[in-house]
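Reader: Hello! Could you take a close look at one part of this model for me, and then walk me outward from there?

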Amino acid sequence: MDLRKRTWAEISLDNIEHNYRAIRGSIPAGCRFLGVVKADAYGHGAVEVSRRLERAGADYLAVSCLDEAVELRMSGITLPILILGHTPREYVSELIGLDLTQTVTCEAKAIEYSEEAVRLGKTLRIHIKVDTGMSRLGFLCAGGHFEQGIANIVSACTQKNLDPEGIYTHFAMADEPGAEAEAFTRGQFALFTRVIDEVKSSGITFKIRHCANSGAVVNYKETCLDMVRPGILLYGFGDGGRLGLKPCMRLMTHVSTIKHIDEGLPVSYGGAFVTSRRTRMGVIPIGYADGLLRALSDRCSFISESGPAPQRGRICMDMCMIDLTDLPDVNLESLIEIFGEKQSAETLAAAAGTICYELLCSVSKRVPRVYVD
Ligand SMILES: *Cc1c(COP(=O)(O)O)cnc(C)c1O
């Protein structure tokens with residue numbers, strides 16, 4: 001079956017590996033590398049990306065939930081896998097059976113997991129998550145919560161049949177410019193190391209202490225500790241050009257219909273765009289059900305072999321229109337790049353008022369991934 005018949009995403013695993021090596025080269029020797037492959041590896045295909053990372057020498061993978069981890073294990077991935085989100089206690093036997101590492105974010109969950117593991121007569125490997133300022137998941141340890149936070153972490157780590165292999169936290173602003181973001185990030189890191197030291201005085205140490213997401217890998221080398229945890233860098237973004245990363249996804253379609261329409265005609269739903277000249281209008285088979293954000297309507301161009309074609313009218317579920325009047329060489333079947341090589345996903349994301357993360361993982365299941373190397 002030809003995967004390129006409608007709209008498709010070309011994925012370069014060689015570029016994933018290139019980025020992996022570039023990141024590896026920028027972190028201290030001996031530091032472990034965890035590749036974040038949640039959300040289907042930011043849209044790139046978690047199984048394929050994980051296989052390549054495993055082959056290239058990564059030490060760990062992370063996903064958001066049990067189902068994502070199951071998919072990797074069923075595909076033969078043997079690397080350690082950390083589940084970043086919550087797993088209900090009913091699934092502890094799966095966690096242990098599939099040799100997964102579960103994040104523990106509070107004492108109550110540690111107790112639940114421990115009870116299940118004891119009942120099964122087995123041990124669950126865990127990583128403790130510390131909330132140092134993200135105000136999302138983790139043991140609250142900031143300010144007046146410090147003492148209680150430490151006590152709760154110690155309690156969690158000493159529950160029966162839990163193996164606390166690691167401890168981690170997540171930065172909220174490591175990728176943001178400015179003195180305020182820098183002070184906040186340094187404050188998070190200082191609190192994280194203070195928590196580790198304090199827990200150590202109760203005799204508990206962790207083999208893997210980790211906190212560096214992509215922003216921290218690039219901007220705060222001292223936070224690499226025992227393992228780094230980059231996501232977006234692997235997919236080619238977020239280094240500000242400093243690591244020479246390459247984008248790994250190219251979202252492609254082609255012109256499926258061309259019509260000449262008169263001046264003064266409304267185009268697409270709501271007639272929000274009206275032609276200001278006689279227009280050679282192309283229809284391309286990609287819409288918001290493919291992940292092309294509707295917020296981009298009338299705010300972007302897509303790239304033909306002979307240059308950019310402005311998108312016109314509201315983006316529909318399955319298709320949208322582009323103005324080919326000034327691109328006479330573009331014909332039926334001509335290739336159109338949505339983003340990838342000629343137009344960065346970051347440029348298109350900015351036009352939609354969002355970040356490239358959202359654009360990449362919005363590319364929907366309907367869009368076949370074509371591995372091009
Ligand atoms: C998603 C995620 C990462 C990776 O973030 P990037 O900004 O893509 O590097 C790291 N750690 C945690 C806990 C995450 O949820």
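Author: D326 is exposed, with a relative accessible area of 57%; buried here means under 20% relative accessible area, exposed over 50%, and partly exposed in between, using a 1.4 Å probe and protein chains only. Please keep in mind that this is a predicted model, in which local features need pLDDT of at least 70, side-chain atom pairs count only at pLDDT 80 or more, and totals for chains, interfaces and linings use all residues. Residues are numbered from 1 along each chain as its sequence is written, and side-chain values use heavy atoms, with hydrogens and water left out.

D326 makes a salt bridge with R277, in which the closest N and O atoms are 3.1 Å apart; the term stands for a side-chain nitrogen of Lys or Arg within 4 Å of a carboxyl oxygen of Asp or Glu. This pair ties together distant parts of the chain, 49 residues apart: D326 sits in the loop between β18 (320-323) and β19 (335-339), and R277 in the loop between β14 (273-274) and β15. Helices (H or I, at least four residues) and strands (E, at least two) are DSSP runs, numbered from the N terminus. R277 is partly exposed, at 29% relative accessible area.

Now for the other salt bridges. The structure holds 23 of them. One joins D290 to R6, with 2.9 Å between the closest N and O atoms. D290 is buried, its relative accessible area being 0%, while R6 counts as partly exposed at 25%. R6 and D290 also belong to a network of salt bridges together with D318 and R366.

Another pair is R52 and E17, whose side chains meet in a salt bridge at 2.8 Å, N to O. R52 lies in helix α3 (residues 46-56) and E17 in helix α1 (residues 13-26), so distant parts of the chain, 35 residues apart, are linked here as well. R52 is buried at 11% relative accessible area, and E17 is likewise buried at 17%.

Strand β1 (residues 7-11) runs parallel to β20, joined by three bridges, and E10 stands opposite V370 in β20.

Let us move on to β5. Strand β5 (residues 100-104) is mostly covered, as five of its five residues are buried. In a regular strand the side chains alternate between the two faces of the sheet. β5 pairs with strand β4 (residues 81-83) in the parallel sense over three bridges, with T101 as the bridge partner of L82. β5 also runs parallel to β6, over four bridges, and there R125 is the bridge partner of T101.

β4, helix α5 (residues 92-97) and β5 make a right-handed β-α-β unit, right-handed being a path from the first strand over the helix to the second that runs clockwise with the strands pointing away from the viewer. β5, helix α6 (residues 107-120) and β6 make a right-handed unit as well.

Most residues other than glycine have a negative phi, and most peptide bonds are trans. S135, however, has a positive phi near 55°; S135 is placed in the loop between β6 (124-131) and β7 (139-140) and counts as exposed at 65% relative accessibility. N161, also not a glycine, has a positive phi of about 60°. N161 lies in the loop between α7 (146-157) and β8 (162-169), and is partly exposed at 26%.

Terms used. Pairing = 2+ DSSP bridges.
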